[in-house]
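Please look over the sequence and the 3D structure below before reading on. The report that follows moves from strands to helices and then to the chain as a whole.

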Amino acid sequence: MKQLITAFIITCLALSTFTFSAITYANATYAAPQWLTWQSVGYAKLTWGPWDIYHSELRTPSGSYRGNTANSGQEMALVIRYQRDIDKDDLLEATDEQWKHLGFTASQRQQWLSELVVLWPDVKKGDRLIFELNAQGGTFYFDATNKQGITQLGQLSSPKISSAFINIWLSPQTAYPKLRQQLIGQSS
């Protein structure tokens, strides 16, 4: 009987240690994303008629832009602060329109949109959606105005989708060439 009680106590202690570890891990404070300390390359504001849609900022470790091709190796982050509430479906539709403008096929766009639909939230005025591009690929972060802290939403599955996403803003063929120029620091 004493052995049974001892085994029970050891099992309870082991389970409580496991539970405590899981809770500690789930609430752990992670290192801040690198892009928070990067320098700004440029700022741009997207407006539609009289409405501000978002303010954007391109950041790199050096504060300069060398290009966004997959083999440039330049780390960068696009920080978008929304100036109005926009639901996820509208964000996805706008992204699809921009990819179509850049010449991506319908099947590529649908495959990529199926990744984004599980990552992106609806955004509220003041929220930030951040896209970090580095040698490992692309990662989305979210900074909601009604919550404290930045949340990592997830990583994209390939360099191709990562490049396609950042090219919405940085491709010479972008639908918004003035925004591109402002983001890469070539005009005001």
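Two strands are said to pair if DSSP finds at least two bridges between them. In this predicted model, strand 1 (residues 39-48) and strand 2 meet that description, for they pair in the antiparallel sense over nine bridges. The two strands form a hairpin with two residues between them, and in this hairpin Gly49 takes a positive phi near 65°.

Strand 2 also pairs with strand 3 (residues 76-82), again in the antiparallel sense, and here the pairing runs over six bridges. The table below sets out the two pairings of strand 2, each with one of its bridges.

| Strand 1 and strand 2 | antiparallel | nine | Lys45 with His55 |

How many of the residues of strand 2 are buried? Seven of the 10 residues in strand 2 (residues 51-60) are buried, so this strand is largely enclosed by the rest of the structure. As a general point, the side chains of a regular strand alternate between the two faces of the sheet.

Turning to the helices, helix 3 (residues 106-119) and helix 4 (residues 159-170) pack at an angle of about 90°, and their axes are 11 Å apart. Because angles of 65 to 115 degrees count as roughly perpendicular, helix 3 is described as roughly perpendicular to helix 4. On the side of helix 3 the contact is made by Gln108, Trp112 and Glu115, while helix 4 contributes Lys160, Ile161 and Ala164. Sorted by class, the residues in this contact of helix 3 with helix 4 are three nonpolar, one polar and two charged.

Helix 4 also holds Ser162. Is Ser162 buried or exposed? Its relative accessibility is 0%, and since buried means under 20%, Ser162 counts as buried. A polar atom of the Ser162 side chain lies 3.1 Å from the backbone oxygen of Ser158. Leaving aside residues up to four places away in sequence, Ser162 touches Phe131, Leu133, Gly137, Gly138 and Leu156.

Finally, the whole chain can be considered. The chain has five helices and six strands, and when it is read along the sequence these follow the pattern α-β-β-β-α-α-β-β-β-α-α. Of its 188 residues, 41% count as buried. Among the contacts in the chain with a separation of 6 or more, 55% are between residues 24 or more positions apart.

Technical notes. Residues are numbered from 1 along each chain as its sequence is written. This is a predicted model: local features need pLDDT of at least 70, side-chain atom pairs count only at pLDDT 80 or more; totals for chains, interfaces and linings use all residues. Side-chain values use heavy atoms; hydrogens and water are left out. Buried means under 20% relative accessible area, exposed over 50%, partly exposed in between (1.4 Å probe, protein chains only). Helices (H or I, at least four residues) and strands (E, at least two) are DSSP runs, numbered from the N terminus. Axes are lines fitted to C-alpha atoms, for helices over the stretch in contact, and angles run from 0 to 180 degrees between N-to-C directions. Angles under 35 degrees count as roughly parallel, over 145 as roughly antiparallel, 65 to 115 as roughly perpendicular and the rest as oblique. Contact means heavy atoms within 4.5 Å. Ala, Val, Leu, Ile, Met, Phe, Trp, Tyr, Cys and Pro count as nonpolar, Asp, Glu, Lys and Arg as charged, and the others, Gly among them, as polar. A polar contact is a pair of N or O atoms within 3.5 Å; within protein, one must be able to donate a hydrogen and the other to accept it, and residues adjacent in sequence count only if both atoms are side-chain atoms.
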